[in-house]
Every structure is written in structure tokens, then in C-alpha cells.
Amino acid sequence: MFSADTHIHTVYSFDHDKRCDCSPMAICQAAYEKGLNEIALTDHYCVNAISTGALPPVDLEKRQAEILEAKDAFSGKLTVLYGIELGQPAQNAPLAEEVLRKHPFEFVIGSLHNEESVPDFYYLDYRAMSHYELFTLWEHYLKETIAHLTWGIGRFQTLGHLNYQERYLHAYLKDGPIRRLDFADLYHEIFRIMIDHEIALELNTSGFRKGMGEPVPRLEFVRYYRDLGGKLFTIGSDAHSPALIGDGVKETVDALRSIGVDRITSFASGSPEPVFLD
Ligand SMILES: [Zn+2]
Ligand SMILES: [Zn+2]
């Protein structure tokens with residue numbers, strides 16, 4: 001069965017697992033050994049944090065050379081897409097545009113890890129927040145996602161981990177999970193932009209590792225995207241180490257099947273092509 005993991009970090013991501021060899025070549029070798037057919041190497045490039053110095057710069061030239069070398073080495077055995085996880089591009093659009101202009105990425109994940117002027121959801125302390133405050137955070141995130149996607153039209157292949165915040169705050173929602181219908185209009189607008197402009201929906205398998213029991217976004221949201229006519233699905237482990245490559249991919253394929261989705265999307269040809277699940 002075709003198996004893809006199109007969200008993988010290498011040594012060029014500040015938060016990769018320092019105990020492992022995470023060079024692009026080692027990552028490709030691990031993916032090959034795990035029997036994957038298609039991967040994308042998608043290191044962080046968070047334009048807002050890099051431009052303020054909150055994150056160190058990334059040597060994109062060296063990275064490109066190493067990834068293209070690995071891509072060549074695995075030619076015919078494993079499809080390796082030269083990708084990037086472009087974080088918060090609309091928060092520093094000139095820098096994001098420059099990065100995209102200079103590098104021939106084959107696969108761009110557009111990700112939103114924080115609202116403008118607010119730390120990454122990973123760093124927020126949710127313990128003292130009321131349900132209302134969590135609800136408000138969520139609403140702001142969705143509104144910024146609309147601006148993010150609007151910027152990403154013609155630039156993103158997929159939207160990274162929609163509902164990213166749920167990975168961190170789901171355990172603090174005392175009144176139960178936030179539902180699609182809590183923000184029906186915003187989700188409708190998000191999915192309409194994606195469907196109209198061929199931006200795929202990523203199912204990020206980290207939800208299983210974070211105790212959600214489902215990918216991010218949860219199936220309730222995936223189902224709604226599908227009901228609106230969405231047909232482009234990518235699956236990403238968000239691995240930051242060789243061991244986690246492909247993690248949760250099978251569970252996510254099963255989850256897709258359980259809601260009647262019969263395909264995922266390959267970008268090997270340069271444009272989105274369906275690969276039917278058997
Ligand atoms: Zn991310
Ligand atoms: Zn990531």
C-alpha cells in the first residue's frame with residue numbers, strides 16, 4: 001500500500017532530536033527502511049521568529065544542497081520532496097516571499113503556530129485559563145488562519161496542522177472539546193478557501209502522541225472539509241527524529257477510511273494527484 005509522510009523535520013530544525021543523526025540523508029534512509037513511498041522534508045522556517053532573532057537563522061543554501069543530494073541518492077527507491085514548513089508567513093510577508101523566490105520548494109506547508117504578538121501555543125500556560133479564554137484564543141487563531149490561507153493561495157501545497165492549539169490545550173477544556181459548530185462560519189470560510197485554491201488539508205498524526213486519540217485536526221473537522229467537496233489530504237507525522245518518521249500514518253489512513261475518504265494526495269508529479277487507498 002502507498003504510504004506517505006509529508007511533514008518531517010531534519011537537523012535544520014532548531015527543535016530536532018539532538019541525540020540522533022537527523023541529517024537529510026539519514027532521515028531518508030530511515031524513511032526508506034520503514035517502507036515509505038513518499039516523504040517531504042519540511043524544516044521550520046518561522047519568518048516572524050527568525051526576523052526578530054527569537055529563533056536562529058537557517059542556512060537554507062546548505063540545507064537545499066543536502067536535501068537535493070539525498071533526493072538524488074534515493075531516486076527510484078523513495079520520492080523525496082524538497083519542502084519547507086513556512087511558519088506565520090503573513091506576519092513578515094516580504095521575508096516569506098524572498099524565501100519562496102530563492103528556493104525551488106516542491107512542497108510548502110503553511111503553518112500557524114502563534115497569533116501575531118502572542119507566543120507559540122506550545123509555550124502558553126493554560127492551567128489558569130477559563131473556558132471562555134480558551135474559546136477566545138481558538139477564535140483568534142481561526143481568524144488569523146483565514147489571513148494565513150489568503151496569503152498562501154498559490155504558495156501553499158497544504159495547510160499544516162489546522163487546530164494546532166488543540167494539541168496543547170485539549171486537556172484543559174473542562175466543558176469538553178470545542179466543536180466545529182462553535183465556529184461554523186469560520187470553518188466554512190477556511191475550507192472554502194482551501195477547496196477553491198487547491199490547498200490540501202494535512203492530517204497531522206501528532207494528535208495520537210498528544211493523547212487526543214485522533215489526528216490534528218480531529219475527524220469531525222476532516223469530515224466537514226470532505227462534505228464541502230474537499231478531496232486533497234496529506235498525512236504528516238511531524239517527526240523531529242528518525243524514530244518517529246511514519247508514526248501514526250497507518251492509524252490516520254484507517255481513520256480516513258472510517259469516514260469514507262478513499263484517497264490521499266501525492267505531489268510527486270509537481271501537482272496534486274490522488275492516490276486511492278486500497
Ligand atoms: Zn508546525
Ligand atoms: Zn512541523
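Which residue just after α5 takes a positive phi? In this predicted model, the residue that does so is Gly 154, whose phi is about 80°. The legends below take up this helix and several other regions in turn.

**View 1. Helix α5 and its buried face.**
Helix α5 covers residues 131-152, and its 22 residues, at 1.5 Å a residue, should span 32 Å, which agrees with the 31 Å that separates its end C-alpha atoms. The buried residues of this helix are Leu 134, Tyr 141, Leu 142, Thr 145, His 148, Leu 149 and Gly 152. Because these buried residues fall within an arc of 125° when seen down the axis of α5, they line one face of the helix. That buried set packs against the strands β5 (107-111) and β6 and against the helices α6 (166-169) and α7 (184-196). On the face of α5 turned away from the buried side are the exposed residues Tyr 132, Thr 136 and Thr 150.

**View 2. Glu 139 in helix α5.**
Glu 139 is found in helix α5, and it counts as partly exposed because it has 14 C-beta neighbours inside 10 Å, where a residue needs 20 or more to be buried and 12 or fewer to be exposed. Tyr 12 lies 127 residues from Glu 139 along the chain, and the C-alpha atoms of the two residues are separated by 32 Å.

**View 3. Strand β7 between its two partners.**
Strand β7, residues 200-204, is mostly covered, with five of its five residues buried. In a regular strand the side chains alternate between the two faces of the sheet. Here Ala 200, Glu 202 and Asn 204 point one way from β7, whereas Leu 201 and Leu 203 point the other way, and all of them are buried. Strand β6, residues 158-159, runs parallel to β7 and is joined to it by two bridges, with Thr 158 standing opposite Ala 200. The pairing of β7 with strand β8, residues 233-236, is also in the parallel sense and extends over four bridges; in this pair Asn 204 has Gly 236 of β8 as its bridge partner.

**View 4. Leu 201 and the largest nonpolar core.**
In soluble globular proteins, nonpolar side chains tend to be buried together. The largest nonpolar core in this model has 59 residues, and those with the most contacts inside it are Ile 27, Ala 31, Ile 39, Leu 201 and Phe 233. When its neighbours within four places in sequence are left aside, Leu 201 is in contact with Leu 159, Leu 162, Met 194, Val 222, Tyr 225, Gly 230, Leu 232 and Phe 233.

**View 5. Helix α9 and the residue that follows it.**
Helix α9 takes in residues 219-227, and its buried residues are Phe 221, Val 222 and Tyr 225. These three cover an arc of only 100° around the axis, and therefore they are on the same side of α9. Among the elements that cover the buried residues of this helix are α7 and β7. Just after α9 comes Gly 229, which takes a positive phi of about 110°.

**View 6. The hairpin of strands β9 and β10.**
Strand β9, residues 263-266, and strand β10, residues 273-276, run antiparallel and are joined by four bridges. One of the paired positions brings together Ile 264 and its bridge partner in β10, Val 275. Six residues stand between the strands of this hairpin, in which Gly 270 takes a positive phi near 100°.

Conventions. Residues numbered from 1 in each chain as written. Chains lettered and ligands numbered in written order. Predicted model: local features only at pLDDT ≥ 70, side-chain atom pairs only at ≥ 80, totals over all residues. Pairing = 2+ DSSP bridges. Expected span 1.5 Å × (residues − 1). Arc of directions from axis to C-beta. Contact = placed C-beta atoms within 7 Å. Core = buried A, V, L, I, M, F, W, Y, C linked by C-beta atoms within 7 Å.
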